[in-house]
Amino acid sequence: MTVTVRFAPSPTGYLHIGGARTALFNWLFARHHGGRCLLRIEDTDRARSTEPAIRAILSGLDWLGLPFDGEVVMQSERAPRHAEVAHAMLAAGTAYHCYCSPEELEAMREKARAEGKPIRYDGTWRDRDPALAPAGVKPVIRLRAPQTGSTVIQDGVQGEVTVGNEQLDDLVLLRADGTPTYMLSVVVDDHDMGITHVIRGDDHLTNAFRQTQIYLANGWTVPQFSHIPLIHGADGAKLSKRHGALAIEEYRDKMGYLPETLRNYLLRLGWGHGDDEIISDAQAIEWFDLPGIGRAPARLDYAKLDNLNGHYLRQSDDGRLVDLLAERLGPFNQAQRAILLAAMAGLKSRAKTMVELAENARFYVAGRPIPLDEKAKALATDEARARLGRLRSALEGQGDWSETALDAAIRVFIEAEGVKLGAVAQPLRAALAGAVTSPGIFEVMAVLGRDEALGRIGDFAGLTVV
């Protein structure tokens with residue numbers, strides 16, 4: 001048997017962080033077992049499914065680095081096949097026509113509420129002669145579900161889960177307008193796509209019992225179900241907007257995480273391999289399997305996510321990071337790109353996200369005269385500007401523009417001025433970076449290069465503070 005799994009999002013919104021984890025778990029499970037991971041877009045809810053949402057899902061999965069196997073399956077295009085199965089079940093006697101009106105169904109629900117019972121269809125047309133059907137009424141097709149005994153699921157995460165069949169009802173398979181319901185569509189698609197394992201959130205666990213009954217009614221093999229606990233916030237409550245970002249795009253664009261960070265973090269969010277925290281893709285494929293998934297909901301921890309992203313930033317290729325910065329600060333000319341490449345070792349060691357990296361790098365590519373923040377402006381006193389004017393003159397003849405040589409030259413200047421290091425270093429930092437914080441001033445000067453550094457110092461020395 002070739003292991004075949006699928007990720008099947010509904011395009012009624014963005015790719016949720018929980019959905020991204022489900023996609024990752026499916027992808028890793030398939031790769032670990034040498035199988036296939038398919039992608040199906042469950043767009044049967046035509047009123048709520050949108051093309052932008054489909055594009056966002058595909059873009060998010062591509063950014064996350066999860067290449068799926070085969071062509072993307074659009075569930076809506078398979079509606080004729082779903083209807084075909086419903087009619088075959090009707091012919092086989094495992095399904096039947098139901099002619100109940102909306103008013104009759106509402107009356108059933110009201111009666112169940114009044115008696116404090118679960119709201120279920122009462123089987124009115126289960127054994128009634130179709131000849132008694134009211135004229136002009138288009139029926140739905142319902143599953144003839146078992147009414148005694150129980151439906152059992154051997155879940156790969158939850159263990160054995162059982163529900164009494166009396167708790168389930170004869171669900172609708174095909175609506176009166178001929179459109180299939182979600183339950184039928186999912187089962188038919190999973191069967192036709194050869195899905196051997198269904199790995200999804202445990203909010204689908206109750207669906208699994210109904211879907212199992214549809215499989216059995218058709219004489220099909222039931223896949224191995226595995227239902228993953230949902231992701232909760234740090235407070236233990238179900239993840240929601242108040243806990244922060246939910247869409248995968250927000251983690252990329254607004255929060256500045258790298259895809260390898262998300263893969264590593266989501267892997268460890270509910271799955272474990274001893275005390276290992278930093279896990280490469282190769283290790284993840286080698287180690288991942290269902291027994292490592294816990295039954296308790298995982299909790300999102302942004303501090304851990306930040307620290308993990310800091311690790312991957314430090315490990316990243318400098319050229320790649322410059323390209324990513326261009327999406328936030330650029331485009332860059334060749335000189336600016338060269339400056340950022342030279343600065344990257346110092347920059348990436350001080351940042352945890354691409355947002356921080358971009359903010360820390362911004363001054364390197366700022367046009368002259370560079371803007372000063374309020375604290376930097378406060379350092380631009382007449383005395384400080386005059387002193388930096390003298391420093392610029394002293395450095396004009398400096399041939400060696402390395403950090404070590406600049407350190408020595410500026411210390412000679414400080415001694416000649418008869419002041420402490422801060423009297424020169426603080427306004428010099430403001431002149432170079434437009435702020436009172438930056439990488440080391442000698443590093444910054446060396447990265448900027450002789451002409452740019454002297455130009456910025458000169459701009460500051462002649463600055464009229466507004």
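Helices (H or I, at least four residues) and strands (E, at least two) are DSSP runs, numbered from the N terminus. This is a predicted model, in which local features need pLDDT of at least 70 and side-chain atom pairs count only at pLDDT 80 or more, while totals for chains, interfaces and linings use all residues. Residues are numbered from 1 along each chain as its sequence is written, and side-chain values use heavy atoms, with hydrogens and water left out.

**Exercise 1.** Find the cis peptide bonds at Pro 331 and Pro 369, and state which loops hold these prolines.

*Solution.*
Step 1. Most peptide bonds are trans.
Step 2. Gly 330 and Pro 331 are joined by a cis bond with omega about 5°. Pro 331 sits in the loop between α11 (318-326) and α12.
Step 3. Between Arg 368 and Pro 369 the peptide bond is also cis, with omega about -10°. The loop that holds Pro 369 runs between α13 (354-361) and α14 (374-378).

**Exercise 2.** Describe how helix α12 packs with helix α18.

*Solution.*
Step 1. Two packed helices are described by the angle between their axes and the distance between the axes. Axes are lines fitted to C-alpha atoms, for helices over the stretch in contact, and angles run from 0 to 180 degrees between N-to-C directions.
Step 2. For α12 (residues 334-348) and α18 (residues 441-448) the angle is about 155°, and the axes are 9 Å apart.
Step 3. The two helices are therefore roughly antiparallel (angles under 35 degrees count as roughly parallel, over 145 as roughly antiparallel, 65 to 115 as roughly perpendicular and the rest as oblique).
Step 4. List the residues in contact (heavy atoms within 4.5 Å). From α12 come Ile 339, Ala 342, Ala 343 and Gly 346, and from α18 come Glu 443, Val 447 and Leu 448.
Step 5. Sort these residues: five are nonpolar, one is polar and one is charged (Ala, Val, Leu, Ile, Met, Phe, Trp, Tyr, Cys and Pro count as nonpolar, Asp, Glu, Lys and Arg as charged, and the others, Gly among them, as polar).

**Exercise 3.** Which residues have the most contacts inside the largest nonpolar core?

*Solution.*
Step 1. A nonpolar core is a set of buried Ala, Val, Leu, Ile, Met, Phe, Trp, Tyr and Cys residues joined through side-chain atoms within 4.5 Å; buried means under 20% relative accessible area, exposed over 50%, partly exposed in between (1.4 Å probe, protein chains only).
Step 2. The largest core has 98 residues, and Leu 325 and Tyr 364 have the most contacts inside it.
Step 3. Helix α1 (residues 17-32) gives this core its largest share, nine residues.
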